[in-house]
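Here is a quick briefing to read with the model open beside you. Take a look around first, then work through the points below.

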Amino acid sequence: MKETEHKVLAMYDVRGIQNYIYRTDKVQDAIGASYIVENIILEALENSVEREKDVNSYQTKWYDKEGPLNFAEKNMDVQVLFIGGGNAYVLFRNKDLCIQINQKMSKYVLEHTYSLQLAVAICEKSQCYADDYKDLQSKMRMNKANMVLSKPFGAIPVMKVELKTGYPATMIDSRSKKEMGEETRLKQEAYRNKRKAKGNSFERDEQVFDNLVTQKGVDSRLAVVHIDGNSMGVRIRQIVEGIEDYTEAVNKMREISFQIMNSYQETFQNMHDHFTDRQSGQEGIPNKEGKYVVREILVAGDDVTYVCNARIALESVKYFSRDIAKKAMVRENSAKSLKKYGFSVCAGVAFIGSHFPFRIGYDVAEQCCASAKKRAKSKECKDTIKFLSETGKYVEMDRIGNFVDFQICKNIQSANFEEMRKREYVTRSGEQLMIRPFFICSGRSAEEEPLEEKNNKEIYSYEKFEKGLQYFMQGADTFPRRFALQLRNTYPLGENQVELLNSFLQSRGWSMPDGEKQLYYKEDKKSIAKWYDVLEMLDYCVAPTEEETEGGDAK
């Protein structure tokens, strides 16, 4: 066999997807962009192999509605091994064919997205999957680091420019009557086509935020929620590390990829249906036919973004966290497999007004998610488990719990996340107003057995936050709202002022949740406000029921 006839394995990735989706203030364009990139690699591959004369046989299907298909290496020109984590792994007859297909795929991606780029890593197939997988990962990291990010040709002084992208304007938007570029046109076209394919009227969705369940002039608060799986890539590498046989390894990766894709889509749908069904009886959320409660922006693998009514945002995160915790990277959902393979997530929530720039709302939600991940991976919060891997070796793995962080976006300065928090959440006398991010206990496994989770600090407990929220929202019988708002406004003035107010409240017989006397945690010579996170959320949340604060599943 000639050297050029050696089979090669290619790994594909698309650069700049997040920026591509959210480079707009219009949520409609973001949804259209997510539709475009949803299966862009597979679409580009299928289009390219069908147009390549040198391809006589190929196989791109690796799963069906029942689950992943069993892999068997075939004597084909092109064979998809699996697609997962935003990457595709494809086996080619030889390197020359791979290069020809790659050129066509790059052109397809450019034509159908306008500004995205395809990144490719190639290695000659050996008999050891573990070596090839490691080689591809290393080459892809190097290619991304050295890859020149080219952009479409920019506008010159005599051209009209689309203001939100800076790209040349190619037409006038028939609705807004403003200049529109090719990238925006593609996003809006994808949005209309997908909505029509799903049987939804485009006119209904024309103003997406206005079609979320809100009361204009009364409650126009929304929330952008971004959820991301914890340490997915690291855990996958640890699970398949050392598996040399191609058939065994690819079947394992197909199972993992399918489980991630299916589990997150199923959990999102469960959460969506739960709050939609509950809509008519939910306090503070009007029942309006034809309105959304939860509006999907992106559900791609373990990357989830949606917009919802602000009052259910944190509840929806809790529901999602507990539902996804019942699922695992393998089909077996026993307590043992959940501990070893179970999912956990971190979430960020940005509370915005209905006319607040969506791009900034998403950016804040993403930074909140990163903040939650930072705490989740801290030594005090993560746990290390040891288990017997598929290769018969004991492997240590960090087990990370569910955490959520949130932020109220009062103005566009919220985008300067770190600076804003240092300025607004630390008093002049040095007290910290924030406890968040909070830890969300996963509840119970599929076998109704408690899941062992490490949370050394009660201070981070979401359940404690929830109980505090419930307490302060009960009103006059428990703690008058005017005093709750007064306490919220006094916390930024410093500990001395808070203690004066607390003395006054105690003299009138008003106490804190659980009868606690102190309004601060003392930690490492720092004072941390116990109730500011709760008080700041009074206008943005529906009080949880007593049953939901006892650690059971959301009903």
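A salt bridge here is a side-chain nitrogen of Lys or Arg within 4 Å of a carboxyl oxygen of Asp or Glu. Keep in mind that this is a predicted model, in which local features need pLDDT of at least 70 and side-chain atom pairs count only at pLDDT 80 or more, while totals for chains, interfaces and linings use all residues. Residues are numbered from 1 along each chain as its sequence is written, and side-chain values use heavy atoms, leaving out hydrogens and water.

**Salt bridges**

- Side chains of opposite charge can pair when their charged atoms come close.
- Searching the whole structure turns up 29 salt bridges.
- One of them links D54 and R93, with 2.9 Å between the closest N and O atoms.
- D54 sits in the loop between α3 (40–51) and β2 (58–59), and R93 in the loop between β6 (87–92) and α4 (95–113), so this pair ties together parts that are 39 residues apart in sequence.
- Those element names come from DSSP runs, numbered from the N terminus: helices are H or I with at least four residues, and strands are E with at least two.

**The five-stranded sheet**

- Five strands make an open sheet with mixed pairing, in the order β2-β5-β6-β1-β7; two strands pair if DSSP finds at least two bridges between them.
- At the edges are β2 and β7 (117–124), each pairing on one side only.
- β1 (residues 8–15) pairs with β7 in the antiparallel sense over eight bridges, and Y12 stands opposite V120 in β7.
- Helix α5 (residues 129–146) packs on this sheet, touching β1, β5 (78–84), β6 and β7; contact means heavy atoms within 4.5 Å.
- The direction of α5 makes about 145° with that of β7. Axes are lines fitted to C-alpha atoms, for helices over the stretch in contact, and angles run from 0 to 180 degrees between N-to-C directions.

**The six-stranded sheet**

- Six strands form another open, mixed sheet, ordered β11-β12-β10-β13-β16-β17.
- Its edge strands are β11 (294–300) and β17 (438–440), and the twist averages 20° from one strand to the next.
- β11 and β12 (residues 303–309) run antiparallel and are joined by six bridges; V299 has V304 in β12 as its bridge partner.
- Helix α8 (residues 246–277) packs on the sheet, and its direction makes about 175° with that of β11.

**Pockets and cavities**

- Rolling a probe the size of a water molecule over the atoms shows where empty space is left.
- On a 1 Å grid over the protein atoms alone, a cavity is a set of points where a 1.4 Å probe fits but cannot get out, and a pocket is an open set with protein on both sides within 12 Å along at least five of seven lines; lining residues have an atom within 4 Å of a point.
- The largest pocket holds about 1,500 Å³ of space, where a volume is the space filled by probe spheres set on the grid points, joined across faces, edges and corners.
- Lining the largest pocket are 46 residues, with G84, G85, G86, N87 and A300 nearest its centre.
- The second largest pocket has a volume of about 670 Å³, and 24 residues line the second largest pocket, R375, Q432, M434, R436 and P437 being the closest to its centre.
- There are five cavities of 30 Å³ or more, and the second largest cavity has about 70 Å³ of space.
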